[in-house]
Amino acid sequence: MTLPIAPGAKARIAPAGLMFLAITSVSWGLNWPVMKHLLTEWPPLSARGLAGLAGGGLLALLAVGRGQSLRVPPQHWPRLLLSAFLNVTVWMTLMGLALVRLPASEATVLAYTMPIWTTLMAWPILGERMTLKRVLALLMAFAGIIALMGGNGFAAGTAKLPGVIMILGGAVAFGLGTVVAKGLPRSLPVLSSSALQICIGSVPVALAGLLFEHAHFEALTGAGWAMLAYMALIAFCIAYFCWFAALERLPASVAAIGTMVVPVIGVIVSAVALHEPLGIGQIAALLFTLAGVVLATRS
């Protein structure tokens with residue numbers, strides 16, 4: 001959706017890009033405790049996949065209603081499919097499965113090491129220079145992971161390991177997807193591109209849910225329906241559109257800085273609404289992660 005920035009060029013920061021970034025960050029920050037609560041009523045793949053299809057479908061209808069074409073030039077399909085796979089399929093699958101094993105506050109902190117991976121991968125792919133600050137950012141991310149796993153003792157940390165591996169895998173995939181999305185053409189409108197990526201990426205997740213899970217709509221309470229609607233309308237439809245719109249206007253490493261707000265919102269809201277622990281380990285992990293993101297995005 002935007003062209004790669006020439007190595008050494010100073011990127012212009014568009015105010016509209018920062019606005020889109022802020023909307024995305026708040027929406028996704030609230031989505032973590034929403035998703036965690038929804039998992040008490042519905043299985044993860046079904047919840048994520050069906051909400052993604054609904055949100056992507058709404059975006060597609062909006063794009064057509066505004067006269068935008070959903071046709072993709074043949075030469076751009078490989079990059080679009082790869083972006084959808086990394087930004088949507090892998091991300092939502094691993095995030096949903098990890099939330100079954102981790103508190104929402106801890107999953108949020110680990111997931112938003114994503115800006116660090118984005119910055120590191122932008123070096124070989126987009127030609128953005130590697131610096132000492134970016135190396136230190138990676139070390140900060142690892143320090144946050146250690147603090148989170150060791151905050152409640154070694155046994156508790158070992159029990160969290162599968163969830164930690166899943167959420168970090170999703171973060172790395174999303175970071176790579178952010179870099180890949182930078183190469184999508186301007187000729188493809190943001191609304192159409194967002195709709196296509198969400199719909200395409202959600203299909204395998206929804207199919208996996210149908211095959212391996214047993215989701216029943218009658219199991220959803222009123223609160224469950226409201227949370228499913230939030231995921232479809234806000235977390236997917238609005239937030240993903242704003243994310244791709246921000247990427248169109250900002251360089252990858254700068255776009256990553258807006259996601260710093262997400263773990264802060266996720267941790268605080270999860271502690272208040274879900275009564276999740278907010279101890280020294282969680283606070284230290286949050287501070288290490290935010291410090292790493294600051295170093296990565298200001299380098």
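**Exercise 1.** How many helices and how many strands are there in the chain?

*Solution.* The model is predicted, so local features need pLDDT of at least 70 and side-chain atom pairs count only at pLDDT 80 or more, while totals for chains, interfaces and linings use all residues. Residues are numbered from 1 along each chain as its sequence is written, and side-chain values use heavy atoms, with hydrogens and water left out. Helices are DSSP runs of H or I with at least four residues, strands are runs of E with at least two, and both are numbered from the N terminus. The chain has 12 helices and 0 strands.

**Exercise 2.** Determine whether helix α4 is buried or exposed.

*Solution.* Buried means under 20% relative accessible area, exposed over 50%, and partly exposed in between (1.4 Å probe, protein chains only). Of the 299 residues of the chain, 56% count as buried. In helix α4 (residues 104–111), 8 of the 8 residues are buried, so this helix is largely enclosed by the rest of the structure. Among them are Glu106, Thr108 and Leu110.

**Exercise 3.** Find the salt bridge in the structure and state where its partners lie.

*Solution.* A salt bridge is a side-chain nitrogen of Lys or Arg within 4 Å of a carboxyl oxygen of Asp or Glu. A search of the whole structure gives 1. Its partners are Glu106 and Lys160, with the closest N and O atoms 3.1 Å apart. The pair links distant parts of the chain, since Glu106 is in helix α4 and Lys160 in helix α7 (residues 154–181), 54 residues apart. Glu106 counts as buried because its relative accessibility is 2%; Lys160, at 10%, also counts as buried.

**Exercise 4.** Describe how helices α1 and α3 cross.

*Solution.* Axes are lines fitted to C-alpha atoms over the stretch in contact, and angles run from 0 to 180 degrees between N-to-C directions. The axes of α1 (residues 15–38) and α3 (residues 77–101) come within 10 Å and cross at roughly 60 degrees. That makes α1 oblique to α3. Angles under 35 degrees count as roughly parallel, over 145 as roughly antiparallel, 65 to 115 as roughly perpendicular and the rest as oblique.

**Exercise 5.** Which helix supplies the largest share of the nonpolar patch?

*Solution.* Patch residues have over 30% relative accessible area and no salt bridge, and nonpolar side chains (Val, Leu, Ile, Met, Phe, Trp, Tyr) are joined within 5 Å. The patch covers about 640 Å² and includes Leu50, Val203 and Trp225. Helix α8 gives the largest share, 3 residues. Trp225 lies in helix α9 (residues 222–249) and is partly exposed because its relative accessibility is 42%.

Terms used:
Patch = residues over 30% accessible without salt bridge, like charges linked within 9 Å, V, L, I, M, F, W, Y side chains within 5 Å. Areas by Shrake-Rupley, 256 points an atom, 1.4 Å probe, with all protein chains shown as cover.
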